[in-house]
Amino acid sequence: MALRDWGAGNTALLVLLGWLGGLSVSEHAQLRLVNGSSRCAGRVEVLHNQQWGTVCDEGWDLQDAEVVCRQLGCGTALSAPGLAEFGEGSGSIWLAEVNCTGTEAALSECRASPWGGKNCTHRKDAGVDCSGLTISEHTQLRLVNGPSRCAGRVEVLHDQQWGAVCNHSWDINDAKVVCRQLACGAVLSVSDKAWFGEGSHSIWLDEINCTGTEASLTECKAGLWGDHNCTHEEDAGVVCSERSQLRLVNSQSRCTGRVEVLHNQQWGTVCDHSWDLRDARVVCRQLGCGTALSAPGRAQFGQGSDPIWLNDVHCTGTEAAITECRAKPWGVHNCMHGEIAGVVCSGLSISEPAQLQLVNGPHRCAGRVEVFLSQQWGTVCDDDWDFLDARVVCKQLGCGMASLAPHNAHFGRGSHLIWLNHVNCTGTEAALSECRAEPWGVHDCYHGEDASVVCSGPAMPLEVWLLRSALVLLLLVSAPIITCILEKGAPALPEPLRTGNGSKGEPGEDPAMGEESVIYANVPSLLREMC
């Protein structure tokens, strides 16, 4: 008997079988995420009987979220929040007790209670937070040859080969999509003409035209793969802020402090359960802060008052960002604020002479401040730039004391990136890397605000200092006499006293010198009388 020939009574039998063995979600059910920051995060809703409805969070876990993200083409699951984290729905609650293995291609392949057959409330609506779209089902996106994973040359993976993007029509709207897709915050600058170096493989994309609202480059208009009239001198680049994702707070250095991450537009802390040096290594790498020196727990840098977003973080130490490490879902923890994780990084050293310079000035100890990062010189913005910052620069370069800390591109405007902003030194640091500042490349400046320094000059060796001091002392002692002679003229000298042959007071030959020896014995007394 066909299913459509069953009577109403047999429908009850179908429901009963569903309760006993679990039914799969309708093969043709549509799926969406709503009320989130992107189409790849939000409250889970499915379409049934021409009506959208929610999913109950009972039994909802990361395996179920993994299937949702896969079905929507939204990358991997980051978390599976419940308790209506993305707001309460207003329609039916269609599904409950969803039980996926995590390998299914769609939610329709997972076991679940019958449609609408579970008693649940919208306060328990399930949600999903996915990593986001990749450029296509088999294509990845990355930024390379920059100071961090959120700045560099744009490259996409196609046919198992990484390739560049041509800068024809490349603008801030395209860059916005790249930063959004990589979870790297806002756009700081749009780079062209191979700003981050020339690629060496294929040029995959050209004439990209995004509106700026897309979740992925795959949603933007562009030419066909590999169809272009470009050279690698036209490779496109992007600098994203990244600061909206991770920070270290409550210390004197931007590379040391309490770890905080941003989730759902709110900063929160990280629990120290299983926190170790490998996790700290990823934090330091993501922030461009060198290597990890320690991974303190027990709220060494203060407890914080925000939510505890992450717990049981397990990094291998090779990840580019902490979001790539295994951890419990966002907000799932059994921690207190006395168990907050911290990090101490070495700081990105710029203390070697080749990595800090003063340019366009009269000598090497005066000029526009430039720092070297990722094979490229860049300037420092003059926001908050003061005498204490200049003192550190002079000290680091061995240029004596700071004399001035000019603003407004006093020694001319730079032409490359602006690497540092809001530098805040105490004046006692040995290098600029030890001062607090915004992350590398994060600024709201233009080159008319380039910072400068004028130092007193190179520190001199001790022996040179002693010789100069002796000469100065001699000049000080001799100055009155020289002035007197210049004013009154040289004194008239009497007949000289000649000595020789051992006869005191008698002229003669000096046997030692072989010539007459003249001694003006009374010249000092003449000078005293005259002056």
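Arg43 is buried, at 9% relative accessibility. Buried stands for under 20% relative accessible area, exposed for over 50%, and partly exposed for the range in between (1.4 Å probe, protein chains only). The model is predicted: local features need pLDDT of at least 70, side-chain atom pairs count only at pLDDT 80 or more, and totals for chains, interfaces and linings use all residues. Residues are numbered from 1 along each chain as its sequence is written, and side-chain values use heavy atoms, with hydrogens and water left out.

Arg43 forms a salt bridge with Glu45, with 3.1 Å between the closest N and O atoms. A salt bridge requires a side-chain nitrogen of Lys or Arg within 4 Å of a carboxyl oxygen of Asp or Glu. Glu45 is also buried, with a relative accessible area of 7%. The whole structure holds ten salt bridges. Another of them links the side chains of Arg258 and Glu260, at 3.1 Å from N to O. Arg258 is buried, at 11%, and Glu260 is buried, at 2%. Arg278 and Asp276 also meet in a salt bridge, at 3.2 Å from N to O. Here Arg278 is partly exposed, with 42% relative accessibility. Asp276 is partly exposed too, with 24%. Through shared partners, salt bridges join Arg32, Arg43 and Glu45 into one network.

Helices and strands were assigned as DSSP runs, numbered from the N terminus (helices: H or I, at least four residues; strands: E, at least two). Helix α3 spans residues 172–181. Its buried residues are Asp174, Ala175, Val177, Val178, Cys179 and Gln181. They pack against β9 (141–148), β12 (187–191) and β14 (237–240). At the start of α3, a side-chain oxygen of Asp171 comes to within 3.1 Å of the backbone nitrogen of Asn173.

Strand β11 covers residues 161–165. Four of its five residues are buried. Strand β10 (residues 151–158) pairs with β11 in the antiparallel sense, over four bridges. Within this pairing, Glu155 has Ala164 of β11 as its bridge partner. Strand β13 (residues 202–205) runs parallel to β11, and three bridges join the two. Gly163 stands opposite Ser202 of β13.

Asp129 belongs to strand β8 (residues 127–130). Asp129 is buried, at 10% relative accessibility. Contact was taken as heavy atoms within 4.5 Å. Beyond its neighbours within four places in sequence, Asp129 touches residues including Cys40, Ala41, Thr76, His263 and Trp330.

Two alanines carry a positive phi. Ala84 has a phi of about 50° although it is not a glycine. It lies in the loop between β5 (77–79) and β6 (92–95). Ala84 is buried, with a relative accessible area of 14%. Ala409 also has a positive phi of about 50°. Its loop runs between β24 (402–404) and β25 (417–420). Ala409 is buried as well, at 13% relative accessibility.

Val472, Leu473, Leu476 and Val477 make a nonpolar surface patch of about 410 Å². Patches are built from residues with over 30% relative accessible area and no salt bridge; like charges are joined within 9 Å, and nonpolar side chains (Val, Leu, Ile, Met, Phe, Trp, Tyr) within 5 Å. Accessible areas follow the Shrake-Rupley method with a 1.4 Å probe; for residues, only the protein chains shown count as cover. Val477 lies in helix α6 (residues 462–488). Val477 is exposed, at 57% relative accessibility.

Methods:
Polar contact = N/O pair within 3.5 Å; in protein donor to acceptor, adjacent residues only side chain to side chain. Pairing = 2+ DSSP bridges.
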